[in-house]
Amino acid sequence: MVVVLVAIGGLVVFLNNQATAPGVAPKSDIVDGKTGAISFGSGEDEIETYVDFMCPICGQFEDAYGEQLQSAAANGTITLSIHPISILDRASQNTQFSTRSANAAYCVAEQAPDSFLAFFNLLFERQPEENSTGLTDKELSAIAEESGAGAAADCISAGTFNKFVADMTALTPPDPETGRVGTPTVVINGDRIQNADIASQFAKLLG
């Protein structure tokens, strides 16, 4: 009986440790394992964007600024750091699309970093409507394949970085006025920018 109780106690401790342990981080030169940033460019000014692939306003943000930001990173004007996060799982009819799509982004960043931006852009081009079921893992893998990241399929289906996504989402800087986390969130050189100021701040840095 004592042996059984000790074994049960050990199992409980193990499961508790598993539940509270940090998620495994992607191993990639473009991913910061501590912040979750997927970064491009080497400019002195850093623009960080926090996005949820289910967020329609994030889609509008990418339509308005995505090409400009990626071009500025490519020519060395800025460092662009993208943070895929998950705050809208509730808006995908219990399919956890926000978490799964963010996981897929990290899978691509690890398995095929040169294909990340192509995958990122296609995810927004084919963004599902909010409150829909989102895309399936098979559909996410097909987009990865189309982007040149077919090697990410197993990682996508396994949800390898789901817990890492949750950990990184918890690091998202909240709105200083409301204390709420939302997307898109923009941080410039360490300072969180109010959405109303994004256009003017980008104009200063990007022209």
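Colleague: Hi! Which residue in strand 5 is the bridge partner of V187?

Modeller: That partner is R192. This is a predicted model, where local features need pLDDT of at least 70, side-chain atom pairs count only at pLDDT 80 or more, and totals for chains, interfaces and linings use all residues. Residues are numbered from 1 along each chain as its sequence is written, and side-chain values use heavy atoms, leaving out hydrogens and water.

Colleague: Which way do strand 4 and strand 5 run, and how many bridges join them?

Modeller: They run antiparallel, and 3 bridges join strand 5 to strand 4, residues 185-188. Strands here are DSSP E runs of at least two residues, and helices H or I runs of at least four, numbered from the N terminus; two strands pair if DSSP finds at least two bridges between them.

Colleague: What order do the strands of the sheet take?

Modeller: The order is 1-3-2-4-5, in an open sheet of 5 strands with mixed pairing. Strand 1 (38-40) and strand 5 (191-193) are at the edges with a single partner strand each, so one side of each has no neighbour in the sheet.

Colleague: New topic: which residues line the largest pocket?

Modeller: The lining is made up of E62, D63, G66, E67, Q70, N121, F124 and E125. A pocket is an open set of points on a 1 Å grid over the protein atoms alone, where a 1.4 Å probe fits, with protein on both sides within 12 Å along at least five of seven lines; lining residues have an atom within 4 Å of a point.

Colleague: And which helix gives the largest share of that lining?

Modeller: Helix 2 does, with 5 residues. Helix 2 spans 56-74, and both this helix and helix 4 (116-125) supply at least two lining residues.
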